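Open the structure in your viewer and keep the sequence beside it. This tour goes stop by stop: select, look, move on.

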Amino acid sequence: MSSVTEIYVCKLRQELKKGKLFTSGDIHTREDAERDAKERCGLDDTIAKIAYYAI
């Protein structure tokens with residue numbers, strides 16, 4: 001299990017590495033990531049994609 005997850009939040013036509021970077025110590029499973037993505041998208045309808053990387 002990783003200790004930190006990087007979260008890239010991108011707008012329409014934005015490259016992944018150009019997206020806003022967040023980190024979390026609370027996302028450890030795919031289900032955690034899906035829950036987080038639904039919450040983020042519910043708060044901001046301009047989000048086009050979200051990527052999660054365990055580091």
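**Stop 1: the cysteines.** Select Cys 10 and show its sulfur. The closest cysteine sulfur belongs to Cys 41 and lies 11 Å away, too far for a bond. This is a predicted model. A disulfide is a covalent bond between the sulfur atoms of two cysteines. A pair counts here only with the sulfur atoms within 2.5 Å, and by that rule there are zero disulfides. Now select Cys 41. Cys 41 is in no disulfide either, with the sulfur of Cys 10 as its nearest cysteine sulfur, 11 Å away.

Cys 41 is partly exposed, with a relative accessible area of 36%.

**Stop 2: the nonpolar core.** Select Ile 7, Val 9, Ile 27, Ala 33 and Ile 47. These five residues form the largest nonpolar core. In soluble globular proteins, nonpolar side chains tend to be buried together.

Stay on Ile 47 and show its surroundings. Leaving out residues up to four places away in sequence, Ile 47 touches Val 9, Cys 10, Lys 11, Arg 40 and Cys 41. Both cysteines from the previous stop are among these contacts.

**Stop 3: Glu 6.** Go to strand 1, residues 5-11, and pick Glu 6. Which side chain of opposite charge is nearest to Glu 6? It is Lys 17, 5.0 Å away. A salt bridge needs a nitrogen and an oxygen within 4 Å. Glu 6 has no salt bridge, although it is buried. Its side chain does make a polar contact, at 3.1 Å, with the side chain of Tyr 8.

Now widen the selection around Glu 6. Beyond four places in sequence, its contacts are Leu 21, Phe 22, Thr 23, Ala 51, Tyr 52, Tyr 53 and Ile 55.

**Stop 4: Tyr 53.** Follow one of those contacts. Tyr 53 sits in strand 3, residues 47-54. Tyr 53 is partly exposed, with a relative accessible area of 40%. Not counting residues up to four places away in sequence, Tyr 53 touches Val 4, Thr 5, Glu 6, Tyr 8 and Leu 16.

**Stop 5: the salt bridges.** How many salt bridges are there? The count is four. Visit some of them.

Begin with Lys 11 and Asp 44, whose side chains meet at 2.8 Å, N to O. This pair links distant parts of the chain: Lys 11 is in strand 1, while Asp 44 is in the loop between helix 1 (30-43) and strand 3, 33 residues apart. Both ends are partly exposed: Lys 11 at 35% relative accessibility, Asp 44 at 25%.

Glu 34 is partly exposed, at 40%, and Arg 30 is exposed, at 66%.

Finish with Asp 32 and Arg 35. Their salt bridge spans 3.3 Å, N to O. Both lie in helix 1, three residues apart, about one turn of the helix. Asp 32 is buried at 19% relative accessibility, whereas Arg 35 is exposed at 53%.

Technical notes: Residues are numbered from 1 along each chain as its sequence is written. This is a predicted model: local features need pLDDT of at least 70, side-chain atom pairs count only at pLDDT 80 or more; totals for chains, interfaces and linings use all residues. Side-chain values use heavy atoms; hydrogens and water are left out. Helices (H or I, at least four residues) and strands (E, at least two) are DSSP runs, numbered from the N terminus. Buried means under 20% relative accessible area, exposed over 50%, partly exposed in between (1.4 Å probe, protein chains only). Lys and Arg count as positive and Asp and Glu as negative; His and the chain ends are not counted. A polar contact is a pair of N or O atoms within 3.5 Å; within protein, one must be able to donate a hydrogen and the other to accept it, and residues adjacent in sequence count only if both atoms are side-chain atoms. Contact means heavy atoms within 4.5 Å. A nonpolar core is a set of buried Ala, Val, Leu, Ile, Met, Phe, Trp, Tyr and Cys residues joined through side-chain atoms within 4.5 Å.
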